[in-house]
Amino acid sequence: MSIPRRIAVVGAGLAAVSACDALRAQGYDGELVLYSAEHGLPYDRPPLSKDVLLGKARREDVLLRPEHWYAKQRVVLRERTVVRALRPREGGLELADGSPVGADRVVLATGGTPRTLPVPGGDDPAVHVLRTWEDSVRLRERLLPGTRVAVVGAGLIGAETAAVAVVRGCRVTLVDPVAVPLAGVVGDAVAGALHGRHTAEGIDVIAAGVSRLEHRPGGSGVVLHLSGQGGSVAADLVVAGIGIRPATGLAEAAGLRVDNGVVVGAGQRTSHLNVFAVGDVARIGGHRVRHEHWEAAQRSGEAAAHGILGRPLPEPGASWFWSDRHGCRLEAVGTMADAERTVVRGDPDSGAFTVFGLRDGRLVAAAAIDRGRDIRSARRIVDRGIPVDAAQLADESADLRALLKR
């Protein structure tokens, strides 16, 4: 395989920066250009719904890499530069101003756009989303003591935002049609304990959908009309935390295979030989879902670098993610829906416990609240496919690290 002379990376999130980092680490010495539609150095997104929203983190605190890294790694960062089209057959890109740009390989890292409320009134100015630095700052300025905040969607972003809003003194209502969100991923016990903390912290939790939003005259906010159980919620502002849509427009226009994301194979290669896709926009062929977590983005960038250079691909390992809310940390490995049975370690009533998911005598998933050591061991056990004993997993006196020595 020939080594490309020029690689263009479209997007500037974690997956994009990780791809650049991995390319240089693998010895790539050609031209490397990172196209960012945003202003400023690329930043990390998870803090946007936590420390940034709380006002504890500045822009420089959440940068993915310091400014000098780009010069040292010879990564050309093109800020405020929108790519209008991919031209893989011609070997390049077209910028928003019509300028053509040559590239032997293109890495699509366009991420996703927040889903808006798909109901009448869902485009009201009182409705906020949370995806960019500007989104977080704009929302933070509105989260004032006494403000009535309705958060629609109790997934990771919605739950974290609701938790921050309470800390900032807001009156919060959390609306989601699913009674116990995340149960399919982390299991009923952990999901139930997490969701229950919202109520304990003073959040009004409602299991319902939203049928429409009605703007109240005189600038007095909106009313959310609920479906399923009826009723309504009055709010000064609304946060829509109902997921993202993969930003596949460039890929579709270029004729790449797209199906719930840009479909990729080994090494993140798309249906075009010279185009790769990473991060939230990519879906591995044969997998039902896209993985939108932080580490998945990082690993996909690394995999693309290996794929571009024709190097052996790194072992992906079990998926892992975390979420912080109400002073506790959720960590999970794998997906609990893949397990045949579960084993609990620790006392759920204490608030800190672990649930292991087993299948055919092996660990396939684990989820924990404030028990990071259990998750670190579980992850290595899953990756190595080590047979496990359910009684030993449940026994608090048993050292899980001992299983790794088998």
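Which residue takes a positive phi in the hairpin of strand 21 and strand 22? In this predicted model, the residue is His326, whose phi is near 50°.

## The hairpin of strands 21 and 22

The hairpin has 2 residues between its strands. Strand 21 covers residues 320-325, and strand 22 covers residues 328-334. The two strands run antiparallel and are joined by 6 bridges. Strand 21 is mostly covered, with 5 of its 6 residues buried.

In the loop that lies between helix 9 and strand 21, one finds Pro316. This proline counts as exposed because its relative accessibility is 53%, and the cut-off for exposed is over 50%. Pro316 may also be compared with Gly196: the two are 120 residues apart in sequence, and their C-alpha atoms are 33 Å apart in space.

## Helix 1 and its surroundings

Helix 1 consists of 12 residues, 14-25. From its first C-alpha to its last it reaches 16 Å, close to the 16 Å expected at 1.5 Å a residue. The helix is mostly covered, since 10 of its 12 residues are buried. Among them are Leu14, Val17, Cys20 and Leu23, and Arg24 also belongs to this buried set. In general, an α-helix has 3.6 residues a turn, so residues three or four places apart point the same way.

The buried residues of helix 1 pack against several elements: strand 1 (6-10), strand 2 (31-35), helix 3 (67-72), strand 3 and helix 9 (294-309). Just after the helix, Gly27 takes a positive phi of about 95°.

## Helix 4

Helix 4 spans residues 133-142, and its buried residues are Trp133, Asp135, Ser136, Val137 and Leu139. The elements that cover these buried residues include helix 2 (51-54), strand 9 (127-128), helix 5 (156-167) and strand 16 (237-240).

## A loop residue: Thr81

Strand 3 (75-78) and strand 4 (83-87) are separated by a loop that contains Thr81. This threonine counts as buried because its relative accessibility is 12%, and buried means under 20%. A polar atom of the Thr81 side chain lies 2.9 Å from the backbone oxygen of Glu79. Leaving aside residues up to four places away in sequence, Thr81 touches Tyr35, Ser36, Ala37 and Leu95.

Strand 14 (residues 222-227) pairs with strand 15 over 4 bridges in the antiparallel sense. Within this region, Val222 stands opposite Ala235 of strand 15.

## Two cysteines

The structure holds 0 disulfides. Cys170 is in no disulfide, and the nearest cysteine sulfur to its own, that of Cys328, is 19 Å away. Cys328 is likewise in no disulfide, its nearest cysteine sulfur being that of Cys170.

| Residue | Relative accessibility | Class |
|---|---|---|
| Thr81 | 12% | buried |
| Cys170 | 9% | buried |
| Pro316 | 53% | exposed |
| Cys328 | 3% | buried |

How values were computed: Residues are numbered from 1 along each chain as its sequence is written. This is a predicted model: local features need pLDDT of at least 70, side-chain atom pairs count only at pLDDT 80 or more; totals for chains, interfaces and linings use all residues. Side-chain values use heavy atoms; hydrogens and water are left out. Buried means under 20% relative accessible area, exposed over 50%, partly exposed in between (1.4 Å probe, protein chains only). Two strands pair if DSSP finds at least two bridges between them. A polar contact is a pair of N or O atoms within 3.5 Å; within protein, one must be able to donate a hydrogen and the other to accept it, and residues adjacent in sequence count only if both atoms are side-chain atoms. Contact means heavy atoms within 4.5 Å. The expected span of a helix is 1.5 Å times one less than its number of residues. A disulfide is a pair of cysteine sulfur atoms within 2.5 Å.
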